[in-house]
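Let's take a walk through this model, one feature at a time. Have the sequence and the 3D view open as you read.

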Amino acid sequence: MQDTYRIAIGADDAGIVMKEAMTAYLTEHGYPVSDMSATAAEDYPDVAERVARSVARGEHERAVLICGTGIGMAIAANKIPGIRAAQIPDSYSAERARKSNDAQIACFGNRTMGVEAALVCLQHWLVSDFAGGGSAPKVEKIKEVESRNLRAA
């Protein structure tokens, strides 16, 4: 497990407040953060794609996406090959997203949870790493499904 990661963060207009708090938290804890949030003409799918592609290219090891619920960001980010984005509603899910699913992107909802709770979840996600073990074959199956569908497209 690395001590720090290059982290991309992105939010649409509904996630700005949480994004600011998370950026401050990450910066205070020594994480290099790149803000890739929406411009006035963009929606959450634009942000999710930009951030997920930066992770897929290896420019960032992990990323955080924030919108109203986190659901739309997760759906859009998961369309990028090689990406596993998880909507994070609680600290257990944050930990399992990393340990069981090797999710590189955590998606949060500014309208569904408070900033303090989200920061606790973010902390759990940051310190967790993929455990492998019984989860490794399942993550490999996810990659196989993705590969089959890319060939079929």
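Start with the largest pocket, which holds about 200 Å³ of space. A pocket here is an open set of points, on a 1 Å grid over the protein atoms alone, where a 1.4 Å probe fits, with protein on both sides within 12 Å along at least five of seven lines; the volume is the space filled by probe spheres set on points joined across faces, edges and corners. Keep in mind that this is a predicted model, in which local features need pLDDT of at least 70 and side-chain atom pairs count only at pLDDT 80 or more, while totals for chains, interfaces and linings use all residues. Residues are numbered from 1 along each chain as its sequence is written, and side-chain values use heavy atoms, without hydrogens or water.

Who lines the pocket? Look for Ile75, Asn78, Lys79, Ile80, Pro81, Gly82, Ile83, Arg84, Ile142, Lys143, Glu146 and Leu150, each with an atom within 4 Å of a point. Helix H6 (residues 136–152) gives the largest share, four residues. Helices are DSSP runs of H or I, at least four residues, numbered from the N terminus. The lining splits into six nonpolar, two polar and four charged residues, where Ala, Val, Leu, Ile, Met, Phe, Trp, Tyr, Cys and Pro are nonpolar, Asp, Glu, Lys and Arg charged, and the others, Gly among them, polar.

Now over to helix H1 (residues 16–28) and helix H5 (residues 115–127), whose axes come within 10 Å and cross at roughly 45°. Axes are lines fitted to C-alpha atoms over the stretch in contact, with angles from 0 to 180 degrees between N-to-C directions. From H1 come Val17, Met18, Ala21, Met22, Tyr25 and Leu26, and from H5 Val115, Ala118, Leu119, Leu122, Gln123 and Leu126, in contact through heavy atoms within 4.5 Å. Eleven of these residues are nonpolar, one is polar and none is charged.

Helix H4 (residues 91–99) also meets H5, with axes within 8 Å crossing at roughly 25°, so H4 is roughly parallel to H5.

Conventions:
Helix = DSSP H or I, 4+ residues; strand = E, 2+ residues; numbered from the N terminus. Parallel < 35°, antiparallel > 145°, perpendicular 65-115°, else oblique.
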